[in-house]
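Below are notes for a colleague on how the parts of this model meet, taken interface by interface. Please read them beside the coordinates.

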Amino acid sequence: MAEPAVAVMAHHEEEDHGHHGPGGWLKYLWSTDHKVIAMQYMFTGMFMALIGGFMAYVFRMQLAFPGINVPGFGMVSPGEYNALVTNHGTLMIFWVAMPVLLAAFGNYLIPLMVGADDMVFPKINRLSFQIFFLSTIVILASLVVEGGGFAGAWTAYPPLSANETYNLTPLGSTLWVVGVGLEFVAFLLGGINFITTLMNSRAPGMRAFDVPIVVWMIVVASILFMLSVGPLLAGAIMLIFDQTLGTGFFDPATGGDPILWQHLFWFFGHPEVYVVLLPAIGVVAEIITTFARKKLFGYRIVIFTIVATGVLSFFVWAHHQFIAGIDPRMANIFTITTLLISVPIAEMCFVYIATLYGGSIRLTTPMLWALAFIAEFLIGGVTGIFLGAAGADIYFHDTYFVLAHFHYTFFPIAIIGTFAAFTYWFPKMFGKMMDERLGKWHFWLTIIPFNFIFIPLFVLGMGGQHRRIYNYAHFPELAIPWFQNMRIVATVSLLVMLAAQLIFFYNCYKSWRRGRKAPMNPWKANSLEWTTQSPPPHGNWRPDELPVVYRGPYEYSVPDRDDDYWPQNEPDSRGSR
Amino acid sequence: MRPIATTRAATGIATGKLAVWWVLASEVVIFGGLLASYVMFRLGHPEWADAAALTNTKIGAFNTFVLLTSSLTAVLAHQAAERGNGRLAARYLYMTIGGAVTFIGVKTYEWWYEISHGYTITSNGFWSFYYSAAGLHAFHVIAGAAIMAVVARDAARNLELHRVELIGIYWHFVDIVWIFLFPLLYIAK
Amino acid sequence: MERVGHFFDDIGLIRIGSSYAADIDFLIILVLVVVGVWFLAAEFVFMYFIVKFREKPGRRADYIDGTNKRHKRWITYPHLAVLVFDVLIVVVSFKVWHKIKIDLPENPDAVIRVIGQQWAWTFQHPGADAELDTPDDIFTIDELHVENGKLYHFKLEALDVLHSFSVPVWRIKQDAIPGRSITGWFQPTMIGEFDVQCTEICGFGHGVMAGKVMVEDPATHSAWIEANTPALLAE
Ligand code: HEA
Ligand code: HEA
Ligand code: CUA
Ligand SMILES: [Cu+2]
């Protein structure tokens with residue numbers, strides 16, 4: 001019934017459009033079905049992943065073979081190198097990790113998993129994607145405008161980002177800020193939908209602790225995002241004014257303060273890493289319980305740990321600024337809070353490992369991805385501890401050690417987690433089973449090269465190699481052949497990994513065209529999305545068949561039952577609820 | 001056609017109201033970030049007081065009064081809507097919009113005056129914050145008034161009366177933001 | 001114990017060139033050992049479970065929901081242990097951090113100024129009188145000359161955007177901020193020629209913003225000062 005006031009405008013505008021009836025491709029853009037919007041987010045994200053991956057290919061080629069003519073790109077100038085790195089980071093985080101994990105799977109799964117026929121505000125949902133689509137166009141345009149794309153790192157520290165005489169990319173940097181800002185607005189709108197849908201539209205009988213972990217995670221992530229992005233949005237406005245009107249918010253020459261931006265950015269930036277982490281570990285929770293046929297070891301523990309992580313994440317931001325010129329005594333406080341975060345996250349990892357205990361584990365492709373997530377994320381997590389200890393960060397800051405740390409977190413999240421989710425829900429989304437053999441080839445040919453890319457980068461980081469340098473020839477200590485060989489190993493591994501993605505796309509195509517038809521519940525899982533057809537029809541269930549919930553989502557291998565699973569909507573013979 | 005999801009209320013709170021509160025939560029952190037930055041700067045730059053002294057407190061006070069009054073009419077509109085009197089609710093909403101128009105009108109004069117005396121957004125840090133914060137707020141006033149016009153149009157026909165309350169909540173928020181801006185930008189000299 | 005901090009030097013990864021480099025390395029090794037043990041234990045248990053509990057015909061998974069105390073122990077004890085190890089790391093980290101960034105040693109032998117700008121380093125040496133900002137100061141571009149074993153204070157400044165002054169063999173790193181002067185210290189302990197890197201992105205030429213430090217023995221250093229003292233003051 002109710003729609004928030006801000007939506008009323010959009011609502012009326014769109015009613016008019018209904019009459020004109022935009023056709024074909026455009027009609028797709030105007031759909032309000034949560035599943036269609038999810039696909040739009042997912043395919044946009046996939047496309048951007050390929051661009052981000054291509055950028056990684058170009059600059060890694062330059063690093064391994066400085067000065068060569070990179071096939072498919074050409075020579076890389078120092079300015080282009082910086083722009084490639086900047087936009088690789090920006091795209092991968094804001095146009096791949098966020099849209100795929102949060103927006104695509106959030107949109108797809110939340111209504112299905114809470115037993116609703118759609119999001120509560122379908123039109124806001126559509127508006128969210130449209131704004132996101134616009135932001136995509138803006139960021140892509142920023143790459144090709146006069147002067148080239150923004151090249152001041154994804155953290156956009158002023159004064160470099162604020163003043164075109166310093167960054168030499170007048171248009172690129174403004175479009176970059178505008179694009180990122182629009183993207184934030186899109187996710188704010190989407191987040192409101194996620195939160196209210198979970199709060200209000202759960203199926204009858206579904207209590208807070210009957211909600212699948214992945215839904216919890218996506219919603220908590222949306223809340224984290226919402227509460228942390230505001231200051232940065234304000235900062236973005238200031239930055240745009242600095243760039244275009246010539247104000248001096250961040251310019252020390254006119255009484256401004258460049259460090260202010262760093263606080264605004266990282267106050268958002270650190271919670272942001274958990275914003276993308278949470279959906280991924282939610283996905284992993286669903287998959288390992290399904291394929292280990294086990295109840296989650298401590299559902300409530302997981303909820304408490306994410307809330308603890310979420311709260312703590314607002315008090316650690318300055319660990320990115322230990323040596324940025326903040327009061328050094330502040331570093332003490334932030335060292336403590338940063339290390340404290342290891343406690344809930346360690347607990348969460350232990351819960352997942354414990355869930356496997358006593359299971360009956362089936363190593364399907366999605367399960368392999370989910371297990372790989374845990375194995376690899378642990379590396380990313382523990383290397384964060386080196387950086388959190390301020391004394392060690394003096395040395396590690398802005399070296400490849402940091403870089404390897406966060407690729408060992410981001411890659412498991414944005415790539416491994418995404419493939420886990422994609423292969424697990426593929427039967428539901430497209431109604432076909434995927435090819436397991438191809439899936440496993442793709443898995444191993446992605447995971448093994450991944451480690452061969454980033455383990456050498458850890459070593460380089462410990463050797464003092466720092467980030468965002470297009471050619472190490474100017475630094476004799478970094479240009480030694482031994483280091484250069486490491487760079488070549490990393491780059492060659494990347495080439496292997498990129499080639500392996502062809503298997504993935506071939507598998508998608510083949511399964512989609514000729515795959516075995518997927519039954520309703522191919523994995524014998526409990527949550528509600530498996531109780532409707534694959535793919536679900538418009539409205540998800542027949543309106544009179546919307547599910548009613550009787551129990552939590554992880555009742556696997558319950559003693560004294562014939563089946564080793566117990567769908568959430570199956571009435572209890574004893575009629576407990 | 002609205003999805004069934006929209007009609008559910010597992011928390012017992014209407015979905016629209018929930019959503020508005022979440023919108024406001026995100027707005028609070030946006031303004032919070034901006035104002036916190038301003039306060040930090042202000043403490044570090046005592047000399048900005050000279051610039052702040054040039055703002056016209058009387059005009060600011062008048063605008064505060066206008067906004068508070070418009071919040072009152074928004075409350076009256078809500079009461080009328082509760083009683084099912086859409087016509088009356090619409091009338092109160094139009095009065096609220098009138099308040100918004102007055103506010104923006106006064107603001108335009110004020111800014112025109114200041115700019116024509118050479119105090120522009122680039123003059124110094126104080127003026128940068130002054131125009132940015134007040135401008136962001138004015139943007140919210142304009143957007144709120146536009147949405148309110150749509151709500152009022154419907155309410156006059158006794159449609160979607162629950163929205164009168166929602167836009168009212170939003171309007172109070174816009175009002176409260178100004179209650180913070182006014183002392184920070186005008187009074188603290 | 002002493003040698004622990006020299007591990008990375010010993011294996012040839014990165015040399016130790018300042019009085020506090022070994023402290024940082026010690027901290028890194030401590031963290032490496034602590035989290036390494038945890039990491040290996042976690043991965044081992046994890047892999048073991050995967051192998052041990054593979055699907056077998058006729059065997060059904062256990063029903064354990066982790067709510068009873070006997071089971072929950074396996075989570076709560078380790079996570080309390082993590083807390084204990086965190087405290088250990090924090091304590092050592094504090095010591096190192098205080099030594100390098102907070103407790104500025106008094107009475108330096110000399111004060112130098114380091115100025116970053118797009119895309120070069122300017123170094124201001126105190127010259128023969130060991131006083132900064134006097135007419136005999138020696139200015140150099142991209143080349144810092146210091147005397148081995150002496151205690152230096154530096155004043156770090158930037159002219160345009162952020163830069164970051166980093167000498168890996170010294171384990172020193174500090175951002176330079178336009179409009180501010182940040183004071184720090186170092187004490188070189190190894191003679192030689194080492195890289196200065198700018199580690200904060202600063203625009204087009206960030207990748208070429210390289211410098212050198214020349215750590216010299218006293219004789220070479222004073223010869224260098226003599227040879228470079230601005231000519232008009234030489235008398
Ligand atoms: C999703 C991504 C993600 C995640 C999850 C994390 C997780 C963590 N990160 Fe990371 N981080 C980034 C993404 C991420 N980070 C990015 C992108 C940057 C760089 C940005 C840039 O500059 O461009 C960065 C940079 C970064 C820095 C700044 C480095 C610098 O620039 O100088 C620091 C410093 O404290 C840090 C710390 C941590 C910590 C302590 C965690 C913790 O959450 C990890 C906790 C997990 C564990 C600890 C593992 C499980 C626990 C055990 C197995 C038990 C044993 C543990 C102990 C005994 C302690 N990170
Ligand atoms: C989510 C985040 C993410 C991801 C996934 C990656 C992936 C990769 N990154 Fe990236 N990187 C960053 C975030 C990320 N990066 C950030 C934030 C920076 C810092 C930027 C800065 O300094 O400003 C950075 C910087 C950075 C550098 C540093 C450059 C420098 O400082 O000089 C390097 C160098 O090697 C690098 C390499 C790589 C490589 C080889 C990959 C490879 O893993 C890429 C391989 C990609 C694929 C294999 C794509 C596969 C995906 C699909 C096929 C789509 C599937 C989709 C669906 C199923 C829906 N990255
Ligand atoms: Cu100077 Cu980077
Ligand atoms: Cu962080």
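1. Between chain A and chain C the count is one salt bridge, a term used here for a side-chain nitrogen of Lys or Arg within 4 Å of a carboxyl oxygen of Asp or Glu. Its partners are Arg180(C) and Asp257(A), whose closest N and O atoms are 3.3 Å apart.

2. A word on the basis of these values: this is a predicted model, in which local features need pLDDT of at least 70 and side-chain atom pairs count only at pLDDT 80 or more, whereas totals for chains, interfaces and linings use all residues. Residues are numbered from 1 along each chain as its sequence is written, chains are lettered from A and ligands numbered from 1 in the order in which they are written, and side-chain values use heavy atoms, with hydrogens and water left out.

3. Two pairs of chains touch, and the pair with the most contacts is A and C, where contact means heavy atoms within 4.5 Å. Chain A contributes 98 residues to this contact and chain C contributes 82 residues. The buried area, that is, the accessible area (1.4 Å probe) that two parts lose on being put together, summed over both, is about 7,600 Å² for chains A and C, with 70% of it given by carbon and sulfur atoms. On the chain A side, Ile394(A), Tyr395(A) and Glu477(A) lose the most area to chain C, yet together they make up 9% of what that side buries.

4. Polar contacts between chains A and C come to 28 residue pairs, both residues being at pLDDT 80 or more; such a contact is a pair of N or O atoms within 3.5 Å, and within protein one atom must be able to donate a hydrogen and the other to accept it, while residues adjacent in sequence count only if both atoms are side-chain atoms. The elements giving two or more residues to the side of chain A that touches chain C include α4 (78-114), α9 (258-292), α12 (365-388) and α16 (481-514) of chain A, the helices being DSSP runs (H or I, at least four residues) numbered from the N terminus. With 17 residues, α11(A) gives the most to that side.

5. Ligand 1 lies between chains A and C. It is surrounded by 33 residues, the closest being Tyr274(A), Asp393(A), His397(A), His405(A) and Arg467(A), where a residue counts as near if one of its heavy atoms lies within 4 Å. Oxygen atoms of ligand 1 have polar side-chain atoms at 2.6 Å in the case of Asp393(A) and at 2.8 Å in the case of Trp154(A), whereas for Gly388(A) a backbone N or O atom lies 3.1 Å from an oxygen atom of the ligand.

6. Where chain B meets chain A, 44 residues of chain B are in contact with 51 residues of chain A, and about 4,000 Å² is buried between them, 73% of it on carbon and sulfur atoms. The count of salt bridges between chain B and chain A is zero, although eleven residue pairs are in polar contact, both residues at pLDDT 80 or more. On the side of chain B that touches chain A, the elements that give two or more residues are α1 (4-7), α2 (15-44), α6 (125-156) and α7 (162-187) of chain B. The largest share of that side, 14 residues, comes from α2(B). Its classes are 25 nonpolar, 14 polar and five charged residues.

7. Chain B and chain C, by contrast, do not touch, and their nearest C-alpha atoms are 14 Å apart.

8. Within chain C, the domain assignment, whose bounds come from an automatic or database source, gives domain 1 (2-102) and domain 2 (110-234). Their contact takes 13 residues from domain 1 of chain C and 14 residues from domain 2 of chain C. The area buried between these domains is about 1,200 Å², of which carbon and sulfur atoms give 50%. One salt bridge is counted between the two domains; Asp25(C) forms a salt bridge with Arg171(C), with the closest N and O atoms 2.7 Å apart.

Methods
Nonpolar A, V, L, I, M, F, W, Y, C, P; charged D, E, K, R; others polar.
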